[in-house]
Amino acid sequence: MLVIGIAGGTGSGKTTVVRDIIASLPKDEVAVMPQDCYYKDNAHIPLEERLKMNYDEPASIEWSLLTKQLQELKEGKSIEMPTYEFITCSRLKETITIHPREVVVVEGILVLTDKTLREMMDVRVFVDADADERLIRVIHRDCIERGRTPQMVIDRYQETLKPMHELYIEPSKRYADLIVPQGGHNKVAVKLLTDYIRSLLPSSAK
């Protein structure tokens with residue numbers, strides 16, 4: 001099993017890179033573990049307080065569960081991955097069954113900040129993009145998918161996203177084996193990455 005870690009700022013294009021990796025490999029050979037599924041379960045905290053919490057720092061993630069389930073996949077066991085609802089900022093009762101695959105992608109803004117998780121990865125990738133471009137993507141995504149207004153997104157960016165990016169996410173770039181500049185739009189870098197991943201797989205999985 002090949003474990004690929006893909007980090008980068010919010011709105012950098014990580015999802016595009018993951019999609020290209022999946023498209024470049026045989027059907028059903030890739031499992032994806034989004035970091036967002038592993039936010040700590042704060043359902044016991046009132047909604048008004050949950051909405052004000054900082055979800056862009058490492059302390060917001062249940063790393064022990066993520067690393068435990070990744071280890072189980074590496075051991076050939078299936079897992080029940082948690083799910084998370086962003087509108088209410090709480091973990092859902094539903095889970096997603098993930099089976100072991102030739103390639104497991106662990107994706108999220110903070111996945112290179114955790115040492116234990118980093119050491120379980122075979123390839124570490126950081127998707128880089130200009131701050132302005134990331135902000136535009138975040139406004140578009142949060143307004144459409146998460147029911148927020150542009151002003152709410154901008155306020156959150158200034159108060160939380162930008163300082164947390166500078167404090168935790170940007171410094172984690174130094175752990176990357178490959179940096180993809182210009183985000184997911186950099187087709188040359190993404191092709192180099194997907195070609196490299198295929199080169200590491202057994203012939204039967206290529």
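Predicted model: local features only at pLDDT ≥ 70, side-chain atom pairs only at ≥ 80, totals over all residues.

Trainee: Start with Met121. Why is Met121 called buried?
Mentor: Look at its relative accessible area, which is 4%. Buried means under 20%. So Met121 is buried.

Trainee: Where does Met121 sit, and what does Met121 touch?
Mentor: Met121 lies in the loop between helix H4 (115-119) and strand S6 (123-127). Leaving out residues up to four places away in sequence, Met121 touches Val3, Gly5, Val111 and Leu112. A contact needs heavy atoms within 4.5 Å.

Trainee: How far apart are Met121 and Asp177, in sequence and in space?
Mentor: They are 56 residues apart in sequence. In space, their C-alpha atoms are 11 Å apart.

Trainee: What makes Thr67 buried?
Mentor: The same cut-off applies: under 20%. Thr67 has 12% relative accessibility, so Thr67 counts as buried. Thr67 is in helix H3. Its contacts, not counting residues up to four places away in sequence, are Asp114, Thr116, Leu117 and Met120.

Trainee: Now salt bridges. What makes Asp56 and Arg156 a salt bridge?
Mentor: The rule asks for a side-chain nitrogen of Lys or Arg within 4 Å of a carboxyl oxygen of Asp or Glu. In this pair the closest N and O atoms are 3.0 Å apart. The pair therefore passes the rule.

Trainee: Which parts of the chain does that pair link?
Mentor: Distant parts, 100 residues apart. Asp56 is in the loop between helix H2 (47-50) and helix H3 (63-74), while Arg156 is in helix H6.

Trainee: Are Asp56 and Arg156 buried or partly exposed?
Mentor: Asp56 has 3% relative accessibility, so Asp56 is buried. Arg156 has a relative accessible area of 22%.

Trainee: Which residues are linked in a network of salt bridges?
Mentor: Asp128, Glu170 and Lys173.

Trainee: Why do Arg198 and Asp195 count as a salt bridge?
Mentor: Their closest N and O atoms are 2.3 Å apart. The cut-off is 4 Å, so the label holds. Both residues lie in helix H7 (residues 187-200), three residues apart, about one turn of the helix. Arg198, at 26% relative accessibility, counts as partly exposed. Asp195, at 28%, also counts as partly exposed.

Trainee: How many salt bridges does this rule give?
Mentor: The count comes to 13.

Trainee: Where is the kink in H6 centred?
Mentor: On Tyr157, with an angle of about 50°. Tyr157 is also one of the buried residues of H6. Others on that list include Val153, Leu161 and Ile169.

Trainee: What makes S3 a mostly covered strand?
Mentor: Count the buried residues in S3 (residues 79-85): five of seven.

Trainee: How do you know that S3 and S4 pair?
Mentor: Pairing takes at least two bridges. Six bridges join S3 to strand S4 (residues 90-98), so they pair, and they run antiparallel. Ile79 stands opposite Ile98 in S4. The two strands form a hairpin with four residues between them. In the turn, Cys89 has a positive phi of about 55°.

Trainee: What order do the strands of the open sheet have?
Mentor: The five strands run S2-S5-S1-S6-S7, with parallel pairing.

Trainee: Why are S2 and S7 called edge strands?
Mentor: Strand S2 (30-34) and strand S7 (178-180) each pair on one side only.

Trainee: And what makes S1 and S6 a pair?
Mentor: Five bridges join strand S1 (residues 2-8) to S6. At least two are needed, so S1 and S6 pair. They run parallel.

Definitions and conventions. Residues numbered from 1 in each chain as written. Heavy atoms only, no water. Bend = angle between axes of the 7 residues up to and from the residue. Buried < 20%, exposed > 50% of the residue type's maximum accessible area, 1.4 Å probe, protein only.
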